[in-house]
Amino acid sequence: MKGDHHMILRVIAKCLIPLIVIYAFYVQFHGEVGAGGAFQAGVVLAVALILNALVFGLTATMRAVPPWFTRSLSAVGVMVYAGVGVWAMLKGGHYLEYQALFGEGPGGHDGQHAGIIIIEVGVLFAVSGALTTIFYALAGRVAEIRDEDW
Amino acid sequence: MTDAVLGGTGTALINILLLAILFVVAIAIARLRSLFAIVMLSGVYSLVSAAWYILVDAVDVGFTEAAVGAGMSTAVLLGAMLLTARTAKPEKPFSRIGPFIVCAAAGIMLLYATIDLPPLGDPASPANSGVGLTYLQVNWYDTGVPNVVTSVLASYRSFDTLGETAVVFTAGLAVVLLLGFGERSLADTLRRAPKSETLPGTVRKDGDGT
């Protein structure tokens, strides 16, 4: 059967990809307390998809995560980030002034935490969506990686 | 350089080892002609430099280098490599004299510039004594975020980060405008070879997208 000579690669990738995705979310939600943040999490998430595309084929990956979804995700991410700024302005503060989100005085931290978490979600969407879109655009021009390329 | 920062002889040896690996990999990349090997070695280069960044306590930079340099750009270069020939053309023997002189001159100038750099971890260096120290002092009262890197990036300088996010989005947009979405290959693959590329375990609908 075609594809059997990559069986070890496929089995290991199948085990690794969920772990990579979980690690991306770990990095995402521990950005406030540890190394890394939404940029790194977005890249790791995109790399999980790309590994899937390299091992299981671009067509299968595009069917699971369609290109229209990744490019919309990227735009939505930038809108989420910019929307936090507009939210702060609607509450009477400056653009992206997190203190104003819940109308707190100096020393109040709820707005800071909420603002940072929301903009990091926006960055995650924008980065992972944009990088996956770039990969689709590049890899979509050739059919597949042929066996003699490895 | 102070031993407290560099951690003594062992860390210095690891430093030398990592930088030696970087040097060897760089020489190998410059001498190789096979593009696949070059792409893979540039991933190795990024991974080793990420390890070195961790060693000099630049954890966030090392993480980014490992994710972007070793992961993402290797995959993107792999995709770009598939669009062209697999090996670079052989070059004439003395065609690289000019670039070599430029590189050597730039390297000598960089080495000369390092004389003025403050030692690693120097508390009196401009980066640690100016606005960096202020952030460390006021961060906890202002934001309550334990990681100062995050609070500087996401709170104090969130305009910068908004700009960076927009740059990433614009980069994706530019690539799409130049190359297209890549969806045509999906339709083509489905039309041309509906059976041959089916993987074991994947359910597919024939004629989809044609």
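In this predicted model, helix 2 of chain B covers residues 8-31. Chain A has five helices and zero strands. The largest nonpolar core has 46 residues, and both chains contribute elements to this core.

**Helix 2 of chain B**

- Four residues of this helix are buried: B:Asn15, B:Leu18, B:Leu22 and B:Val25.
- An α-helix has 3.6 residues a turn, so residues three or four places apart point the same way.

**Chain A overall**

- Along the sequence, chain A reads α-α-α-α-α.
- The chain has 150 residues, and 51% of them are buried.
- Among contacts in chain A with a separation of 6 or more, 63% join residues 24 or more positions apart.
- The accessible surface of chain A is about 6,800 Å². Carbon and sulfur atoms account for 71% of that surface.

**The largest nonpolar core**

- Five of the 46 core residues touch the most other members: A:Leu58, A:Tyr98, A:Leu131, A:Phe135 and B:Met72.
- From chain A, the elements giving two or more residues to this core are helix 1 (7-29), helix 2 (38-56), helix 3 (58-64), helix 4 and helix 5.
- From chain B, helix 4 and helix 9 (158-179) each give two or more residues.
- Helix 5 of chain A supplies the largest share of this core, 12 residues.
- In soluble globular proteins, nonpolar side chains tend to be buried together.

- Most residues other than glycine have a negative phi.
- A:Leu96 has a positive phi, near 60°, and is not a glycine. This residue sits in the loop between helix 4 (67-90) and helix 5 (110-139) of chain A.
- A:Leu96 has a relative accessibility of 4%, so this residue counts as buried; the cut-off for buried is under 20%.
- B:Asp57 also has a positive phi, about 70°, without being a glycine. Its place is the loop between helix 3 (35-55) and helix 4 (59-81) of chain B.
- B:Asp57 has a relative accessible area of 64%, so this residue is exposed; the cut-off for exposed is over 50%.

How values were computed
Residues numbered from 1 in each chain as written. Chains lettered and ligands numbered in written order. Predicted model: local features only at pLDDT ≥ 70, side-chain atom pairs only at ≥ 80, totals over all residues. Heavy atoms only, no water. Expected span 1.5 Å × (residues − 1). Buried < 20%, exposed > 50% of the residue type's maximum accessible area, 1.4 Å probe, protein only. Core = buried A, V, L, I, M, F, W, Y, C linked by side-chain atoms within 4.5 Å. Contact = heavy atoms within 4.5 Å. Areas by Shrake-Rupley, 256 points an atom, 1.4 Å probe, with all protein chains shown as cover.
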